[in-house]
Amino acid sequence: MQPQTGPVPHASSPLSVPFWDGCRSRELRYQRCEGCGVANFPPTEHCRHCLSGDLSWQRSAGRGEIYSWTVVHRPVTAEFAPPYAPAIVTLDEGYQMLTNIVGVAPEDVAVGMRVRVEFHAVGTDVVLPYFTSRE
């Protein structure tokens, strides 16, 4: 499966600017609570665990494992070229993110598979974090 090549709908807000800036710099960023130490993703104003507002941006090593996935053959929107594999990846830092798996045959994707981040530009202004096999 390959990364998308055209413009891809994505959500952005003032809270997520450091995340998107990191992607453009080829860094996967997430928030960590300075109060309780829990990783927070997607970005938020307050820790989901203890409600502290003392959150700092951290750089992820970009490694984790597939928690859940599927292969899409009939996309919901014309901007997505099938097949593609949306997945929930559990990062080693303790948070999960929704992403896509690339560079792996659909029949080889599996729960528990170790993956690493790989950044790809889509459109003219967006760089997305995809994940691929660690090998």
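**View 1. Glu93 and the residues around it.** Skipping neighbours within four places in sequence, Glu93 is in contact (heavy atoms within 4.5 Å) with Tyr30, Arg32, Ala39, Ser60, Ala61 and Gly62. This is a predicted model, where local features need pLDDT of at least 70 and side-chain atom pairs count only at pLDDT 80 or more, while totals for chains, interfaces and linings use all residues. Residues are numbered from 1 along each chain as its sequence is written, and side-chain values use heavy atoms, with hydrogens and water left out. Glu93 sits in the loop between S5 and S6; helices (H or I, at least four residues) and strands (E, at least two) are DSSP runs, numbered from the N terminus. At 19% relative accessibility, Glu93 counts as buried, a label for anything under 20% relative accessible area, with exposed over 50% and partly exposed in between (1.4 Å probe, protein chains only). Its side chain makes a polar contact with the side chain of Ser60 at 2.9 Å. For a polar contact, take a pair of N or O atoms within 3.5 Å; within protein, one must be able to donate a hydrogen and the other to accept it, and residues adjacent in sequence count only if both atoms are side-chain atoms. Tyr30 is 63 residues from Glu93 along the chain, yet their C-alpha atoms are 9.2 Å apart.

**View 2. Gln31 in its strand.** Gln31 belongs to strand S1 (residues 29–33) and is buried, at 5% relative accessible area. The Gln31 side chain reaches the backbone nitrogen of Thr44 at 2.7 Å. Beyond its neighbours within four places in sequence, Gln31 has contacts that include Val38, Pro43, Leu55 and Trp57. Across the pairing, Gln31 stands opposite Asn40 in S2.

View 3. Three strands make an open sheet in the order S2-S1-S3, paired antiparallel; strands pair if DSSP finds at least two bridges between them. S2 (39–40) and S3 are the edge strands, each pairing on one side only. S1 and S2 run antiparallel and are joined by two bridges. In the loop between S2 and S3 you'll find Pro42, and the peptide bond from Phe41 to Pro42 is cis, with omega near 0°. Leu51 is in the loop between S2 and S3 too; not a glycine, it still has a positive phi of about 70°, and it is exposed at 63% relative accessible area.

**View 4. Helix H1 and what it packs on.** The buried residues of H1 are Phe19, Trp20, Gly22 and Cys23. Looking down the axis of H1, they fall within an arc of 155° (taken from the directions from the helix axis to the C-beta atoms), so they line one face of the helix. Those residues pack against S1, S3 (55–59), S6, S7 and S8. Just after H1, Arg26 takes a positive phi of about 65°; Arg26 is partly exposed, at 43%.

**View 5. The largest nonpolar core.** This core has 29 residues, and those with the most contacts inside it are Phe19, Leu28, Leu91, Tyr95, Met97, Ile101 and Phe131. The term covers buried Ala, Val, Leu, Ile, Met, Phe, Trp, Tyr and Cys residues joined through side-chain atoms within 4.5 Å. S8 gives the largest share of the core, five residues. Leaving out neighbours within four places in sequence, Met97 has contacts including Phe19, Phe41, Val89 and Pro129.
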